[in-house]
Amino acid sequence: MNLTFRRVIAFIIDYFICYEISRYANAYFYGTRPDFRAALILFLTFFLLLLLKDFAIGGRSIGKRIMKLKIVSADGGKVRVWQPLLRNVTLIISPVEIILVLMGGRRLGDRLAKTAVEENSKPDERKVQTP
């Protein structure tokens, strides 16, 4: 599977997870009544989850972990805390970001944060102890 396809699938997985979490949280706190306040809270919760998704599990979102991808700094150094936040702020314009990725380019968020997404060649960091 090529990198572009895997990035899009990872994004769809993350988007779906963030949407479902925010939808269930909103339904729990506000029920199913459609009013402006509930819609605003739903949007803000969803956007906050998208913004923080790369902090979920060891610096990778659930979608990236499933698709075996990771974020790297474009300068070859370690990814700084602000870089995933900055790269995810642009997800508010998700359709534009998906089009940029499908055209074979880097996301606007990757360009602003000076990051890239690449394959995670090493296995998960989790250690399994055997007796």
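**View 1. Length and burial of helix 2.** At 1.5 Å a residue, the 17 residues of helix 2 (residues 36-52) should span 24 Å, and the end C-alpha atoms of the helix lie 24 Å apart, in agreement. The model is a predicted one. Ala 38, Phe 46, Phe 47, Leu 50 and Leu 51 are the buried residues of helix 2. The cover over these buried residues includes helix 1 (3-30) and helix 4.

**View 2. The ring pair of Tyr 15 and Phe 46.** Four aromatic pairs are present in the structure. In that of Tyr 15 and Phe 46, the ring centres are 4.9 Å apart and the planes stand at 80°, so the pair is edge-to-face. Because Tyr 15 belongs to helix 1 and Phe 46 to helix 2, the pair ties together parts 31 residues apart in sequence. Tyr 15 is partly exposed, at 34% relative accessibility, whereas Phe 46, at 11%, is buried.

**View 3. The ring pair of Phe 43 and Phe 47.** With ring centres 6.3 Å apart and planes at 10°, Phe 43 and Phe 47 form a stacked pair. Both residues lie in helix 2, four residues apart, which is about one turn of the helix. An α-helix has 3.6 residues a turn, so residues three or four places apart point the same way. Phe 43 is partly exposed, with a relative accessible area of 41%.

**View 4. The buried face of helix 4.** In helix 4 (residues 82-89), the buried residues are Gln 83, Pro 84, Arg 87 and Asn 88. Seen down the helix axis, they fall within an arc of 125°, so they line one face of helix 4.

How values were computed
Residues are numbered from 1 along each chain as its sequence is written. This is a predicted model: local features need pLDDT of at least 70, side-chain atom pairs count only at pLDDT 80 or more; totals for chains, interfaces and linings use all residues. Side-chain values use heavy atoms; hydrogens and water are left out. Buried means under 20% relative accessible area, exposed over 50%, partly exposed in between (1.4 Å probe, protein chains only). Helices (H or I, at least four residues) and strands (E, at least two) are DSSP runs, numbered from the N terminus. The arc is that of the directions from the helix axis to the C-beta atoms. The expected span of a helix is 1.5 Å times one less than its number of residues. Contact means heavy atoms within 4.5 Å. Rings of Phe, Tyr and Trp (its six-membered ring) pair if their centres lie within 6.5 Å; planes under 30 degrees apart count as stacked, over 60 as edge-to-face and the rest as tilted.
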